[in-house]
Amino acid sequence: MSGAYNFAYLDEQTKRMLRRALLKAVAIPGYQVPFASRDMPLPYGWGTGGIQVTAAVLGQDDVLKVIDQGADDTTNAVSIRAFFRKTAGVATTERTAEATVIQTRHRIPERPLHAGQILVFQVPIPEPLRFLEPRERETRRMHGLADYGAMHVKLYEDVARMGRITTSFAYPVKVAGRYVMDPSPIPKFDNPKLHDCPALQLFGAGREKRVYAIPPHTTVESLDFEDHPFEVQRWDRPCGLCGSTDSYLDEVVTDDQGGRLFCCSDTDFCRERRDRMDEGR
Amino acid sequence: MGRIAAGLADPVHDAQMQFRDLLWAMSRPGSVVVLRGGLPAPPEPLVPAAYALLLGLVDGESPVWLDGDHPDASRSIRFHTGASMVAEPGQAAFAVVTRASGLLPLERFAQGSHDYPDRSCTVILQVDHLAAGAGLKLRGPGIAGTARLEIGGAPEGLVPGLQANRRRFPLGVDLVLAAGRSIACLPRSTDVEA
C-alpha cells in the first residue's frame with residue numbers, strides 16, 4: 001500500500017458524506033440519494049460512482065472482487081482492483097465465494113451471494129424515467145408521487161409494436177412496493193437475483209451524483225403486465241467451455257470465418273465448473 | 001464550558017468499522033450489533049456507541065441536536081467533528097435523545113420532503129438494553145420474514161409513534177438505538193408491531 005494516499009484514496013470528510021448518504025439510501029430502498037461526487041483519477045463511465053461507494057465502505061479486513069460484464073480479467077476490473085490494492089492495501093480475489101465486497105459493472109455473479117457480502121454496482125444513468133422525462137425536477141416529482149404511468153406506457157408501446165417487451169438490460173424494477181429503480185445496465189437475466197438477496201446491494205452513479213440501495217431480503221419486482229409477464233433470456237445451447245445451461249452467455253467471435261463461441265460471461269463461475277470437471281476426470 | 005472527552009483513537013479505521021456495523025444494523029432492522037474497534041470513554045450523558053457513531057459520521061455539514069443542556073457532550077462533539085450544535089430538533093441531521101421519555105413525537109425532527117426524503121433526521125435513542133429474538137415484531141426491507149427486538153427502557157408510546165413514522169414513508173426519521181456498545185436500527189421502512 002502506498003503511504004502517499006489516505007486509506008482507500010478518499011479523504012475522511014468525503015467518506016463521511018458518502019456514508020451518511022448510504023444510510024439514507026438503505027432506509028429508503030430504491031430512492032436515489034444525491035451526493036457530492038468527487039473527481040476521481042479516471043474518467044466518468046469507468047466506474048467512478050462504484051469506486052466512491054466501495055471506498056466509503058471498504059475496510060482493512062475486506063476481500064475485494066471487481067468484475068466487468070462478469071469478467072475479472074477485463075481492463076476496467078483489473079485497474080479498479082489494482083487501484084484499491086495500491087490505495088487501501090486490501091486483499092483482492094477473483095473468487096465470488098471469498099469476496100466480502102464485490103464491485104460490478106453490468107452483471108450479478110451467478111453464484112448466490114451471502115449475508116456477509118456487499119455488492120456495489122457501477123451505474124451510468126440512475127434515473128429510470130430519464131429517457132421519458134428529461135427534466136430532473138419533473139422526475140423527482142414523479143417519484144415523490146409514485147407516478148409511474150409513463151414507464152408502463154413505454155413497456156406497453158414495446159408490446160404494441162413488437163409483440164413483447166423488448167427492454168433487455170437496465171430493466172426497471174419496483175423496490176419494496178414503492179420506488180421504481182434502474183438496476184444499472186445488468187441484463188434482465190440478472191433481475192431475479194435482485195429479489196430477496198441475502199447481500200446488501202449498493203448503487204453508485206459518479207457523473208450523475210446519486211447513490212441508492214436495496215437492503216437484503218427486499219421485494220424487487222420487474223415491471224410487467226398480467227398478459228405479458230416478465231421473462232429472462234434463454235439460450236438454445238450450453239456454455240461452450242463448461243456446459244452450463246443456466247448461466248448468462250456471451251457470444252464470442254473466434255475467427256474471421258464466421259466461427260462463434262457462446263460461453264459464460266461470469267468467468268469465475270465458468271472456471272469453477274471447469275475445475276470441478278477436471279477433478280472428476 | 002464543559003470538558004472535552006477523548007476522540008477516536010484511530011479515526012480512519014475505527015470510523016470505518018463502526019460505519020460498517022451501523023450499515024449492517026440499518027440494512028437488517030432489529031439485529032443487534034456490538035460496535036467493533038476502539039470506543040472512547042464518552043462525555044456525560046452519552047453511551048459509548050452513541051458517542052462513537054457521532055465522532056465517525058458528523059462534521060460541519062451535519063448539524064447535531066442534543067436533548068438538553070449537556071455541556072461536556074456538546075463541547076466534545078464540536079471539538080472533534082466541527083459539527084454545529086442546533087437548538088431546534090427540526091434543524092438537525094443527527095439528533096441524540098438520552099432520556100427516552102423525550103423521544104416523541106417524532107414529527108419534531110426533520111422528515112424530508114417528497115422530492116428529497118433523504119433530508120431527514122437520523123435519531124440516536126439511548127436505551128437500557130437491546131436484545132434480538134424477543135419483544136417488538138418487525139417486518140420489511142432487510143428482514144427475512146419477521147425479526148424481533150427487545151428494547152429495555154423504551155419510551156411509552158414508541159410503537160404507535162413508529163407506526164405513524166412508517167405511514168409517512170418515504171418521509172420520516174430513522175432510529176438508531178444505542179445501549180452501551182450495542183446498536184440496533186429501526187429505519188422508516190420497518191413495520192413495527194407490539
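Helices (H or I, at least four residues) and strands (E, at least two) are DSSP runs here, numbered from the N terminus. This is a predicted model, where local features need pLDDT of at least 70 and side-chain atom pairs count only at pLDDT 80 or more, while totals for chains, interfaces and linings use all residues. Residues are numbered from 1 along each chain as its sequence is written, chains are lettered from A and ligands numbered from 1 in the order in which they are written, and side-chain values use heavy atoms, with hydrogens and water left out.

**Stop 1: helix 4 of chain A**

Select helix 4 (residues 136-144) of chain A. Its buried residues (under 20% relative accessible area; exposed is over 50%, partly exposed in between, with a 1.4 Å probe and protein chains only) are A:Thr139, A:Arg140, A:Met142, A:His143 and A:Gly144. Show strand 1 (33-34), helix 5 (149-162), strand 7 (179-181) and strand 9 (210-214) of chain A as well: those buried residues pack against them. Just past the end of helix 4 of chain A, click on A:Ala146, which has a positive phi of about 50 degrees.

**Stop 2: empty space**

Rolling a probe the size of a water molecule over the atoms shows where empty space is left. The search runs on a 1 Å grid over the protein atoms alone: a cavity is a set of points where a 1.4 Å probe fits but cannot get out, a pocket is an open set with protein on both sides within 12 Å along at least five of seven lines, and lining residues have an atom within 4 Å of a point. Grid points are joined across faces, edges and corners, and a volume is the space filled by probe spheres set on the points.

How many cavities of 30 Å³ or more does the whole structure have? The search finds 3. The largest cavity holds about 80 Å³, and its lining includes A:Tyr31, A:Glu136, A:Arg140, A:His143, B:His114 and B:Asp115. Helix 4 of chain A gives the most to this lining, with 3 residues.

For the second largest cavity, about 40 Å³, select B:Leu22, B:Leu53, B:Leu54, B:Leu57, B:Phe94, B:Thr122, B:Ile124 and B:Val176. Helix 2 of chain B makes the largest share of that lining, 3 residues.

Now the largest pocket, with about 440 Å³ of space. Of its 19 lining residues, A:Arg20, A:Lys24, B:Ala93, B:Asp118 and B:Arg119 are the closest to its centre. Helix 1 of chain A supplies the largest share, 5 residues.

**Stop 3**

Axes are lines fitted to C-alpha atoms, for helices over the stretch in contact (heavy atoms within 4.5 Å), and angles run from 0 to 180 degrees between N-to-C directions. Among the residues making the contact are A:Leu22, A:Leu23, B:Phe19 and B:Met26.

**Stop 4**

Two cis peptide bonds to click on: B:Glu44 to B:Pro45, with omega near -5 degrees, and B:Leu104 to B:Pro105, with omega about -5 degrees. B:Pro45 sits in the loop between strand 1 (33-34) and helix 2 of chain B.

Finish on A:His106, not a glycine, yet with a positive phi of about 70 degrees. Is A:His106 buried or exposed? A:His106 is buried, at 12% relative accessible area.
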